[in-house]
Amino acid sequence: MWQGMDQSTGGKVALGVFLGFFVLIVLLLAITIVPAGTVGVYSLFGRVSDAAFQPGFYVVNPFADIIKFSVRTQEHEEEVEVPSKEGLAVALDVTVLFRLDPEAAPEVYKTLGEEYIDIIVIPQLRSITRGVTVDYEAKALYTSGRELIAEKIFEHLAPQLADRGIILEKVLLRG
């Protein structure tokens, strides 16, 4: 042992060092950072908070999960085979720009989960695109009618996504 210390003092020092490391580890586990462009959803043993954590530094229960969702504009490209008014099948490249409503993140997590794009955005985009293009002739997809079709898709898709906490910014027909 150390010189000048008896066994009980050495044991107390060792216990103090152990407790100090334990407290440090618990504090490190309790610290979370929500980066810019994201929000955090707090979940503790299956209970999800109703309010999202805004970007910043937080000290939380070490047993809690903070699920981070991007609230930046996201892009999804989809190649869809759509029917035209004449009954022709036309390949159409559609791009949607959207973002998650920060206030809706906890509800999106509760009802859709982290894969909300695959569960709601993509199926709705495909369905609405097919539904809109059936009213137009194939040549409209390649001429100035493209903008009108993109606007119609936006008009139908935006409310569907908004009901689920997703903000549609733009629909683009690429090819």
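Residues are numbered from 1 along each chain as its sequence is written, and side-chain values use heavy atoms, leaving out hydrogens and water. In this predicted model, local features need pLDDT of at least 70 and side-chain atom pairs count only at pLDDT 80 or more, while totals for chains, interfaces and linings use all residues.

View 1. Follow the sequence and you'll read α-β-β-β-β-β-β-β-α-α-α-β. The radius of gyration is 26 Å, well over the 16 Å that the globule rule gives for 175 residues, so the chain is more spread out than a compact globule. (That radius is taken over C-alpha atoms, and the rule is 2.2 Å times the number of residues to the power 0.38.) Along its principal axes, the C-alpha trace spans about 95 × 30 × 20 Å. Helices (H or I, at least four residues) and strands (E, at least two) are DSSP runs, numbered from the N terminus.

**View 2. Thr95, a buried residue with a relative accessible area of 1%.** Here "buried" is under 20% relative accessible area, "exposed" is over 50%, and partly exposed is in between (1.4 Å probe, protein chains only). Thr95 sits in strand β7, residues 89-100. Its side chain makes a polar contact with the side chain of Arg174 at 2.5 Å. For a polar contact, look for a pair of N or O atoms within 3.5 Å; within protein, one must be able to donate a hydrogen and the other to accept it, and residues adjacent in sequence count only if both atoms are side-chain atoms. Leaving aside neighbours within four places in sequence, Thr95 is in contact (heavy atoms within 4.5 Å) with Glu75, His76, Glu77, Lys170, Val171, Leu172 and Arg174.

**View 3. Leu157, in helix α4.** The helix covers residues 145-162, and Leu157 is buried, with a relative accessible area of 1%. Not counting residues up to four places away in sequence, Leu157 touches Val96, Gln124, Leu125, Ile128 and Leu168. For a sense of scale, Leu157 and Lys12 are 67 Å apart in space, C-alpha to C-alpha, and 145 residues apart in sequence.

**View 4. Phe45, a loop residue with a positive phi.** The loop lies between β2 (38-44) and β3 (47-48). Phe45 is exposed, with a relative accessible area of 70%. Check the backbone here: phi of Phe45 is near 55°. Most residues other than glycine have a negative phi.
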